Amino acid sequence: MTPDEKYMLRALQLAKLGGSATKSNPLVGAVIVWNKEIIGEGYHQKYGEAHAEVHAVNSVKDKTLLKEATIYVTLEPCSHFGKTPPCADLLVKHQFKRVVIAQIDPFSEVSGRGIEKLKNAGIKVDCGIMEEEAKELNKRFMTFHTKKRPYITLKWAQTKDGFIDRDRSSDSETGINWISQPETQVITHQIRSTEQAILVGWRTIQNDNPSLTTRAFTGENPLRIVIDPQLKAPKEAAVFTDGNKTIVFNLLKDLETEHIRYIALKDVNPESILEALFQLTIQSVLIEGGGNTLSRFIESDCWDEALVITGQSAFKSGLKAPLISKTPLKTISFGKDRLDYFRNI
């Protein structure tokens, strides 16, 4: 590993600390090096607040060292006024000797302009150090700005005989038919906390009455989205009555109440849904069901990752689980449960 890679790796480690608090902003870390010694570090901690470069500069006690220092940043410094001033201007102000950048910002307001501003100020700029690692870290942000849609993760639990639910037409049982262990449910709630929104079809609301929150894990609840073309989901369901925000994509009406927003679409196919989510500036969505909704996104090739949990129970009949015609990239065991991880590459 070269010195540049070593310091950029540290910047990437710092960037991860931002977690979900940065929301629609990317995860960014910064490391300042003078005379082969790290003299400052920072990361973007919260949406709307100071960026990584600001925290890193502020952490340096002797600012006179900056004009002989190198700053390593995981994403191109911003060049526009958003909720904070341009970070490129800050680096120019302190006359950094060199700026090392992992990846160019895909956001149209920045892309290449931050680098241009630095070079015009006589600062040496090097790009592409650990670029792939940086892109993976901000895969949601990258997908949103390059593909003009949110990053889509599919998730479902299936029995060992390949079903995701019992046959509701002949089964008087109501509520969720649990497939995975309670310990695995904690993991799935942690996954929910990493995504900006969670989406299900209306039959999942009718059959399971899920809350779609992170109640089993300490983390921020995702924005809930229900696909309900004819508004058939029961109005007494938890997603409509617990006080948390829910969006309902439908074909009938536009209406906004205190906690529920109804958005009428011309169609409720995956492409129309993704376009509407993009317009809402939602960068990542976890799709949890039901089987029809999951299958439609798979068939339309509108997904990026899939997490498939296989439990030890067997239903013998019922609703068949969706199928992904790919080999999982990795498989993890959680007690008696198995989690297969897929990437749509």
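Analyst: Let's start with helix H10, where Pro-270, Ile-273, Leu-274, Ala-276 and Leu-277 are buried. Those five cover an arc of only 160 degrees around the axis, so they sit on the same side of H10. This is a predicted model, where local features need pLDDT of at least 70 and side-chain atom pairs count only at pLDDT 80 or more, while totals for chains, interfaces and linings use all residues. Residues are numbered from 1 along each chain as its sequence is written, and side-chain values use heavy atoms, with hydrogens and water left out.

User: What do buried and exposed mean, and what is the arc taken from?

Analyst: Buried means under 20% relative accessible area, exposed means over 50%, and partly exposed is in between, using a 1.4 Å probe and protein chains only. The arc is that of the directions from the helix axis to the C-beta atoms. Helices (H or I, at least four residues) and strands (E, at least two) are DSSP runs, numbered from the N terminus.

User: Which residues are exposed on the other side of H10?

Analyst: Glu-275 and Gln-279 are.

User: And what covers the buried residues of H10?

Analyst: The cover includes S6, S8, S9, strand S10 (246-250), S13 and H11. Contact here means heavy atoms within 4.5 Å. Just after H10 comes Thr-281, with a positive phi of about 55 degrees.

User: OK, new topic. What's the order of the strands in the open sheet?

Analyst: The sheet has 10 strands in the order S11-S12-S10-S9-S8-S13-S6-S14-S17-S16, and the pairing is mixed. Strand S11 (255-256) and strand S16 (330-334) are at the edges with a single partner strand each, so one side of each has no neighbour in the sheet. Two strands count as paired if DSSP finds at least two bridges between them.

User: Is S6 mostly covered or mostly open?

Analyst: Mostly covered, with seven of its eight residues buried. S6 runs parallel to S13, joined by four bridges, and Ile-152 has Val-285 in S13 as its bridge partner. S6 also pairs with strand S14 (residues 305-310) in the parallel sense, over six bridges. There, Gln-158 stands opposite Thr-310.

User: How many bridges are there between S8 and S9?

Analyst: Five, and S8 and strand S9 (residues 223-227) pair in the parallel sense. Ala-197 has Leu-223 in S9 as its bridge partner.

User: What's the lining like by class?

Analyst: It has 19 nonpolar, 15 polar and 11 charged residues. Ala, Val, Leu, Ile, Met, Phe, Trp, Tyr, Cys and Pro count as nonpolar, Asp, Glu, Lys and Arg as charged, and the others, Gly among them, as polar.

User: Last one: where is Ser-180?

Analyst: Ser-180 is in the loop between S7 and H7. Ser-180 is buried, with a relative accessible area of 12%. Not counting residues up to four places away in sequence, Ser-180 touches Gln-185, Ile-309 and Asp-337.
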